[in-house]
Amino acid sequence: MTIQINGGGVLKRLDICFSAVTNKYYNRDGETFFNPLHSGQYGVFLYYLSNEAFKHDEIKLAEKIYYLNKALNCVEWFYEINLPEHFFADHPLGCVLGRANYGDYLCVGQGVTVGNNHNLYPTIGKNVTIHPYSSIIGKSVIGDNVEISMYTMIKDETIPSDCLVFGQSPNLIIKQRSHQEMMQRLCQFRVEKKYE
C-alpha cells in the first residue's frame, strides 16, 4: 500500500491549505510554497500524511508519522482528528488539537489546547484565531469570525460570532464587533478565498 504524496493526495491538500494563507513564507512569486524546513509547514504536512495513512487503514504507518510529528514539532495532532481544509499553524510548538469539530480557516499559535471535559468536545466556527497559550475545553461552541486572545481559557461556554474573547471561564470578557471589523482583524487568510 502506498499513500499518494502528490496529485490528489497529501501535496494537493497542502496546496489547497497553504494557497489561502497570507503569511509571506507560504507563497513565493504568487505561487504556493512548501518548505519542509519550516516547522509549521512541515507539521501540517506530517499531520496530512498521517491522516491520509489513517484514511487508507494504514494505522501503523499513521502512528509512526504522528509520533514523528510529535517528536520533531512538539504538536499533538492525532491522525484521526479532522482539521479543516484551510489551517494555519503559527509557531505551533506545544499545540494540542483534540477531537473537536473544527470550522474552516482555523489559525492556532503555540501552546494552544483544544480538548474534552468529561468526554464533551468543542465546536469551533469558521475563521477563528486562537492565540498562544489559550484553551478551548469541553462543551464549548465558538461562533464564526472569533479572535481568542492570549492565555484565554474557555470551558463549556458559548461564544457568539464576530467578537474578541479575553479571560478565563466563567469570567470571560466578550467584546462584540462588526462582521466587517472581524474580517479585517482576522487576516491570516486571503479574504477573496474565504467563505461568504
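The views show a predicted model, in which local features need pLDDT of at least 70 and side-chain atom pairs count only at pLDDT 80 or more, while totals for chains, interfaces and linings use all residues. Residues are numbered from 1 along each chain as its sequence is written, and side-chain values use heavy atoms, with hydrogens and water left out.

View 1. Strands here are DSSP runs of E with at least two residues, helices are runs of H or I with at least four, and both are numbered from the N terminus; two strands pair if DSSP finds at least two bridges between them. Strand β17 (residues 171-176) runs antiparallel to β16 and is joined to it by six bridges, with L172 in β17 as the bridge partner of G167. A hairpin of two residues connects β16 to β17.

**View 2. The loop between β13 and β14.** Both S149 and M150 are found in this loop, which lies between β13 (146-148) and β14 (153-155). S149, at a relative accessible area of 15%, is buried, whereas M150, at 45%, is partly exposed (buried means under 20% relative accessible area, exposed over 50%, and partly exposed in between, with a 1.4 Å probe and protein chains only). Apart from its neighbours within four places in sequence, S149 is in contact (heavy atoms within 4.5 Å) with H131, S134, V165 and F166.

View 3. The rings of F18 and Y26 are an edge-to-face pair because their planes stand at 85 degrees, with the centres 4.7 Å apart. F18 is buried at 1% relative accessibility, and Y26 is likewise buried at 1%. The rings of Y66 and Y79, with centres 6.1 Å apart and planes at 80 degrees, also form an edge-to-face pair. Y66 lies in helix α3 (residues 59-73) and Y79 in the loop between β3 (76-77) and β4 (87-89), so this pair ties together parts that are 13 residues apart in sequence. One aromatic cluster is formed by F18, Y26, F34, Y42, F45 and F88.

Notes
Rings of Phe, Tyr and Trp (its six-membered ring) pair if their centres lie within 6.5 Å; planes under 30 degrees apart count as stacked, over 60 as edge-to-face and the rest as tilted.
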